Amino acid sequence: MKLLIEDDEIIIKENGTNVFLFASGTSPELGPHADYGTSFTKDFIDEVEKVIEEEDTNIPTDQQPTIFEPTCDCQPLGPPDAESFVVTRLWDISPSSGFNDQDVIDEFNKGFAPIVTALPGFQRYTASYTGNASTVFFMNAFDTQELAHAAQEAAKDFVANGVLKNVITPNTFTEDEVIIGFGDECITESSKGHYLSTRVFEHEEGYVRPDNEIEIFTDIADIVRTVEGNIMYAVSTTSLGESPQTDFRWDIYETREGSDKISSIMTPLAANGTFGDINALKKLVAVTEGEIAFDYLCASPANLPVAESGEDVRVNEKLPLPEEVTTSNVASSLNVHIIYSVLICITLVGGVYWR
Amino acid sequence: MTKLDKTTMKLILSLIASCIAANVVATTPICPPSLTNSINISNGTNHYEGAILNYAVVPSSPSDANNGILCGRLEVLNNDGSWVAIGMSRNYNMFGSEAIIGLPIDTLSADGATKQNTVMKYKLGGYTVGYEVGGWGVYYMAEEKQTLTNTSLVLEETENGDELMIMSFTKVSKRCFVCQKSKIQ
C-alpha cells in the first residue's frame, strides 16, 4: 500500500512498517550528530483506512514510482565515443551466512541501486551470477575516475554498515579506465537476462602497452561482432597505477551460446599469436560467466523495485527463480571449469588468452 | 422588492451557495492549524527524552488530484541550537536514506553563501558532509527535488525556560488512493 509518494523517493506506506531516522547535531552547521540519533517505526494504518486490494493493483503503469530516469541517449561504452571508468566487485558469500547469490543481489538492488544510479556521472550498474553460487559480481561505470572510485568505496561502505556485513567478503576488486568499448550503435536497453563474461588479467611485471593496442582490440572486436547476439565488448586497464598492471575485459551476448561460440573462434587465434603481446598475460586473476541479474543504464529507463516488506522482487523483475538459477549455475560451473582448463593449458604453453 | 421577495432571494442565494460549495472540484490541500497526530521519538531504538514529530496527512483533493501533503513539525528539546533531521529509511541504515534537515547555519550551497535556518531535502549517501568524495556523503537533493513548502526552523523558549528547536515542513504526498475513505482531513 502506498500512501505518501513523491517521485523517486522512499515511499511511506499507509500500512506496514515505515522506518524513520531522527538525529540532532552537535552544532548549527551540518556535521556529526549527537549520540542520541535514533530510528523509530510508524504504521499509518491508524490514520488512514485500509485500501482494498484492487485499488493498489490497478495503479496505472505510468504512475508507478520510478527511481531511475535516463540521463543519456546512448549507453557510453568507453573510448572512442565516451570516457568511461569502471569498478568491479567479485564477492565471496560466506557459506554460514544463510545467504545465496540471489539474496545478495536483492540486497544491493534494494539498497544500493537507488543511490548509485541517481548520482551525477552515472553510466551503468550491473549485477550478474558468476557460474559459482558462492560468488556474486557487480560493476559500476561512471564518467570520471573520482566518481567510479567513490562508487567502489560506497559499495564497501554499504556492506560494512548493512545486513551484508560478514555475509560477503571481497574476492577480486578492480578500478579501471576503459581503453576501448564496442557495441551496437546506440544501446538503449538493459541487458538483464543476457550473458556476461568477465575476465581480470594480470600482466607481466614491467609490461609496456603496445602503441597499436587499440588497433589490435579493434580487430578483436570485429571478430567478436561476427557472432550473432553480441551486444558489447570492452577492455579496461587499471586506473590506480598499481604494478603489475591488470586488465578487466568483458563482453555481453544475448545467450550463453554466443559467448561459448566466440571462445571457440578466438582461442586458437590467440594461441597462435595473432594478437601479439596484448594477450600475453601472466595470470588470470578472476573470471565470471553468468546471466545478468540486473542492469541499470543511464540510457535505459528502469523502475527499481520498491522496497516494500514481503515484496518478491524476483517476480516483478522476472529474474530467474531459484531452481532456474541452480540449474544455470551447475551448467555454468561446468562451463567455467572447461574454460579454466583450456586457459590453464594455454598458460602452460605460453600464457596467451584470446580476449 | 417586497419582503417575501427578499426572503425568496435569500433562499435562492443560499441554495446557489450550497450548490457551489458542494461542487467544488479542486482545492489545494493545506495543513491544519494544529497537527494533532504525534510520534514520541523517545520510543526509538536509542532512548532520548525530548523529541516529538507532530504530523498530519492531508489527502489529495479531489482524490485523483495528486496534490496530497504531509505536514510535519519536529520539536527537539535542548539541543543547543544544533541542526535537526528526520529521515526516511528502507532498512534502518543511514546510508541510502533520505532526510529533511534543518540547519541553523547552512554553508553547503553551491554558491558558497552562508544561509540561516534552511530546511531542505537531502540524500544520505554516506557518512560525510557534502560532495567531498564525488557526490557521496550527505548532500542536497537536486533542485527539482526541493519540493518542501512552508518550511521554517526556529528556536523557541518554553514556559519552563527550555530551548525548543522546531522544524516545520510540508512535504508532497503525490497520491492517495484512499482519500475518500480517509478518517482524516
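I began at A:A234, which stands opposite A:W250 in strand 9 of chain A; strands here are DSSP runs of E with at least two residues, and helices are runs of H or I with at least four, numbered from the N terminus.

A note to myself: this is a predicted model, where local features need pLDDT of at least 70, side-chain atom pairs count only at pLDDT 80 or more, and totals for chains, interfaces and linings use all residues. Residues are numbered from 1 along each chain as its sequence is written, with chains lettered from A and ligands numbered from 1 in the order in which they are written.

Next I looked up the neighbours of strand 9 in chain A. Strand 8 (residues 230-238) joins strand 9 antiparallel through seven bridges, and two strands pair if DSSP finds at least two bridges between them. Strand 7 (residues 195-202) of chain A also runs antiparallel to strand 9, with eight bridges. There, A:T198 has A:W250 as its bridge partner.

Is strand 9 of chain A mostly covered or uncovered? I found it mostly covered, with eight of its eight residues buried (20 or more other C-beta atoms within 10 Å of a residue's own, C-beta atoms being placed from the backbone; exposed means 12 or fewer, partly exposed in between). A:W250 points one way together with A:T246, A:F248 and A:I252, while A:D247, A:R249, A:D251 and A:Y253 point the other way.

Then I turned to chain B. I saw an open sheet of five strands in the order 1-2-3-9-8, with antiparallel pairing. Its edge strands, strand 1 (37-40) and strand 8 (149-157), each pair on one side only. Seven bridges link strand 8 to strand 9 (residues 163-173) of chain B, and B:L155 has B:M165 as its bridge partner.
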